[in-house]
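Subject: Structure for your review

Dear colleague,

Please find below the structure that I am handing over to you.

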Amino acid sequence: MSHGPRSGLYAVSSALLAMSRHLEVRDVLKTIVASARELLDAEYAALGVPDDHGGFAQFVVDGVSDAQWRAIGPLPRQHGILAAMLHEAKPQRLADVRKDPRFEGWPAAHPDMSDFLGLPIRDGDETIGALFLANKRCPKPEGGCGFTEEDEELLSILAQHAAIALTNARLYERSRELTIAEERSRLAHELHDAVSQKLFSLRLTAQAATALVDRDPSRAKGELQHVAALAAEAADELRAAVIELRPAALDEDGLVATLRTQIQVLDRAHSARVTFESGRVRALPAAQEEAMLRVAQEALHNALRHSGAQRVDVLLAKRGCGALLRVADDGSGFEPKAVRRAGRHLGLVSMRDRASGVGGTLTVESAPGKGTTIEMEVPGG
């Protein structure tokens, strides 16, 4: 008899440790949902983080395939059982959610659910999420719920720790945002101080040369030579500033972690699903890592802003001594023969320049209505 409680304690401990390993909000949400479903042996689990407009800022599911999730359609609103958990802030344990008077139906592609256990995730007096499970994998008592009072207590413990993990992740992301904002502000001041004086001198010298062209051509020539020297100095200052604009996260965390964090932010900010997969990619020379990051950012911008894509998949994989970056979307695509005309609009020229500038290559595959795949390969160090 003692084996059961030890197993249960081990399962809870494993779930709590898994939640504490992640700092990014979306990773924490996914871990909470997966841990809850496994811990209580349910077929489905979901967690919604409410926004201030009657919807959900984030909604994570487990037990539903990607194809099912796409077919279900838009995220649910805060109504019915979900609203009860968010606004009444008490657990909901039901033998059949479909028979509850608050049940308002679901889309045709939604999986069928019966017994239901849900409860709010609270940080003090604030409800910061709603966690629910459906379809307990066990024999159901006649007319009863498969989820027990013990399940409710267990999920309540998990929810309390989920609140701590979610709050910590939010604080971490906020601190990263503030660090980035401070770095940008500092660089803006440095850029202004370093370059503005030279540009001002260049302007005055050019004006002086213009005034001397007719009456003293030799002096005008000297002033124009000075203009050229000032322009060269300004260009050097700008180049140095751009080099310093290398993302701080790239130096601190490396390319894989930086890409993952940025893609998670994009996935939350856009309706399209944005995924990231990486293999065992070795550290690359700094210039190659920055070039790959910039190309990924440009390709993601195109996919999310211009292509109408519903899904964008990013892959970073080892390729020989170097690495391969692939950004593939299911958007509108374009005709490759027209790439010269589309190149500048889509930033393809700058992407090719970045790739060739670090000894790499860039390939683009696309067709109208067939999406776009951009691959960049670098040789490594």
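Predicted model: local features only at pLDDT ≥ 70, side-chain atom pairs only at ≥ 80, totals over all residues.

Residues are numbered from 1 along each chain as its sequence is written, and side-chain values use heavy atoms, with hydrogens and water left out.

Aromatic residues

A search of the whole structure finds 5 aromatic pairs. Rings of Phe, Tyr and Trp (its six-membered ring) pair if their centres lie within 6.5 Å; planes under 30 degrees apart count as stacked, over 60 as edge-to-face and the rest as tilted. One of the pairs joins phenylalanine 56 and phenylalanine 59 in an edge-to-face arrangement, with 5.3 Å centre to centre and 75° between the planes. Phenylalanine 59 also pairs with phenylalanine 132, and this pair is tilted, at 6.4 Å centre to centre and 50° between the planes. The latter pair links distant parts of the chain, 73 residues apart: phenylalanine 59 belongs to strand E2 (residues 56-62) and phenylalanine 132 to strand E5 (residues 126-136). Helices (H or I, at least four residues) and strands (E, at least two) are DSSP runs, numbered from the N terminus.

Relative accessible area under 20% means buried, over 50% exposed, and in between partly exposed (1.4 Å probe, protein chains only). Phenylalanine 56 is buried at 7% relative accessibility, phenylalanine 59 is buried at 9%, and phenylalanine 132 is buried at 10%. One aromatic cluster is formed by Phe56, Phe59, Trp69, Phe116 and Phe132.

Helix H4

Helix H4 (residues 80-88) has 7 of its 9 residues buried, so it is largely enclosed by the rest of the structure. Its buried residues include Gly80, Ile81 and Met85. The buried residues of H4 pack against strand E1 (42-50), E2, strand E3 (92-94), strand E4 (116-123) and E5. Alanine 89 follows H4 and has a positive phi, near 55°.

Cysteines

Cysteine 145 lies in the loop between E5 and helix H5 (149-212), and is buried with a relative accessible area of 16%. Leaving out residues up to four places away in sequence, cysteine 145 touches Arg93, Leu94, Ala95, Asp115 and Phe116, where contact means heavy atoms within 4.5 Å. The C-alpha atoms of cysteine 145 and aspartate 115 are separated by 5.4 Å, although the two residues are 30 apart along the chain.

Cysteine 138 is partly exposed, with a relative accessible area of 27%. A disulfide is a pair of cysteine sulfur atoms within 2.5 Å, and by this rule the count comes to 0 disulfides.

Second largest pocket

On a 1 Å grid over the protein atoms alone, a pocket is an open set of points where a 1.4 Å probe fits, with protein on both sides within 12 Å along at least five of seven lines; lining residues have an atom within 4 Å of a point. The second largest pocket is lined by 27 residues, and Arg26, Trp69, Leu75, Ser271 and Arg273 lie nearest its centre. E2 gives the largest share of this lining, 7 residues.

With kind regards
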